[in-house]
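Welcome! Here is a short briefing to read alongside the structure, starting with a single residue and then widening the view.

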Amino acid sequence: MKAIVHTQYGPPDVLQFTEVAKPTPKDDEVLIKLYAAAVNPLDLFHMRGVPIIRLLPGLRTPKQQVLGCDIAGRVEAVGTQVKQFQPGDEVFGVTGLAGGGFAEYACAREDKLALKPASSSFEDAAAVPIAAITALQGLRDKGRIQRGHKVLVDGASGGVGTFAVQIAKSFGAEVTAVCSTRNVDTARSIGADHVIDYSREDFTQSGQRYDLILAANAHHSIFDYRRALSQDGIYVLAGGGLVRILQGMLLGPLLSLIGSKKMCFFIANIDHKDLVFLKDLLEAGKVVPVIDRRYPLSDAAEALRYLEEGHAQGKVVIAVEHS
């Protein structure tokens with residue numbers, strides 16, 4: 001089969017479009033004929049590698065040479081223990097940390113998949129898993145979102161952010177989206193009640209307080225976010241630069257001990273139950289994936305290069321065509 005392979009860590013230039021062996025599903029896995037995949041910051045991390053790893057002899061070659069986690073396609077074969085799916089089923093989900101999604105075929109565990117929404121294209125479905133579940137779990141599980149809550153989504157125009165605005169609205173929240181000037185109209189179109197153009201206004205200085213702040217892409221200090229919370233507010237950090245993430249991991253638990261405001265950083269756990277929850281939202285029309293650009297599988301390097309520039313509006317997806 002055709003796949004995007006990297007045999008060394010580095011920039012998108014290290015990626016090769018080449019032939020590799022078609023995978024074989026384990027007992028608890030499903031083999032999927034892929035029709036779409038989506039790119040994520042996680043793929044950039046796998047592509048470039050952790051700097052310290054690249055310096056250690058023996059660890060310079062990527063263990064998993066095919067990138068890609070978010071996938072959608074049709075079941076080709078199932079392992080002996082698989083009970084929920086059968087050949088011909090249209091599914092979406094993730095391959096897990098193992099990657100393997102930028103290819104014509106991939107294997108995924110049964111519990112990391114769900115039936116594709118009947119109303120969604122493969123490309124729309126592939127755009128959902130990591131970004132939308134990060135938004136869902138950040139808002140519902142970590143942020144304890146309630147109807148009527150004042151919710152602010154910082155980084156509202158990216159993959160996680162565009163889903164967060166819509167999911168927060170589906171829970172009955174009053175949503176404020178923070179984004180750049182060129183994304184203001186998009187934020188309004190997906191249901192934001194209020195939109196703040198960060199180039200013109202700093203929400204942390206406005207005096208407005210929020211019950212829940214989801215930083216899909218944190219740009220401010222954790223202390224600035226804390227100041228913008230209401231008395232019992234919760235700040236959830238789901239993405240951002242290394243400094244912001246370290247602040248969330250190290251200072252968040254300490255600041256949560258002071259007063260009633262809670263601060264946390266988290267990483268989503270993709271599971272079947274939440275994929276089904278999102279499938280229902282998609283079929284009800286309450287969530288619509290925002291797709292910025294589409295690339296053929298052979299141009300996956302260009303898709304990752306574009307994502308790395310940091311200006312993607314919503315998701316970047318890869319269409320997989322079979323000859």
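Arg144 counts as exposed because its relative accessibility is 54%; here buried means under 20% relative accessible area, exposed over 50%, and partly exposed in between (1.4 Å probe, protein chains only). This is a predicted model, in which local features need pLDDT of at least 70 and side-chain atom pairs count only at pLDDT 80 or more, while totals for chains, interfaces and linings use all residues. Residues are numbered from 1 along each chain as its sequence is written, and side-chain values use heavy atoms, with hydrogens and water left out.

**Arg144 and helix α4**

- Arg144 sits in the loop between α4 and β8 (150-154); helices (H or I, at least four residues) and strands (E, at least two) are DSSP runs, numbered from the N terminus.
- Among the buried residues of α4 are Pro129, Thr134, Gln137, Gly138 and Leu139.

**The nonpolar cores**

- A nonpolar core is a set of buried Ala, Val, Leu, Ile, Met, Phe, Trp, Tyr and Cys residues joined through side-chain atoms within 4.5 Å.
- The largest such core has 51 residues, and those with the most contacts inside it are Leu139, Val151, Phe163, Val165, Ile167 and Leu278.
- Helix α4 (residues 129-142) gives this core its largest share, seven residues.
- A second, separate core of 32 residues includes Ala312, Val316, Ile318 and Val320.
- Not counting residues up to four places away in sequence, Leu139 touches Arg144, Ile145, Val151, Ala164, Ile167, Ala168, Leu212 and Leu214, where contact means heavy atoms within 4.5 Å.

**Helix α11**

- In helix α11 (residues 300-308), the buried residues are Ala300, Ala301, Ala303, Leu304, Tyr306 and Leu307.
- The cover over these buried residues of α11 includes β1 (2-5), α1 (41-48), β14 (291-296) and β15 (315-319).

**Gly88**

- You can find Gly88 in the loop between β4 (70-78) and β5 (90-94).
- Gly88 counts as partly exposed because its relative accessibility is 42%.
- Leaving aside neighbours within four places in sequence, Gly88 is in contact with Arg74 and Val75.
- From C-alpha to C-alpha, Gly88 and Leu255 are 51 Å apart in space, and they are 167 residues apart in sequence.

**The whole protein**

- The protein has eleven helices and 15 strands.
- The radius of gyration is 20 Å, which agrees with the value near 20 Å that a compact globule of 323 residues would have; this radius is taken over C-alpha atoms, and the globule rule is 2.2 Å times the number of residues to the power 0.38.
- Taken along the principal axes, the C-alpha atoms fill a box of roughly 60 × 50 × 35 Å.
- Of the 323 residues, 54% count as buried.
- Among contacts with a separation of 6 or more, 69% are accounted for by residues 24 or more positions apart.
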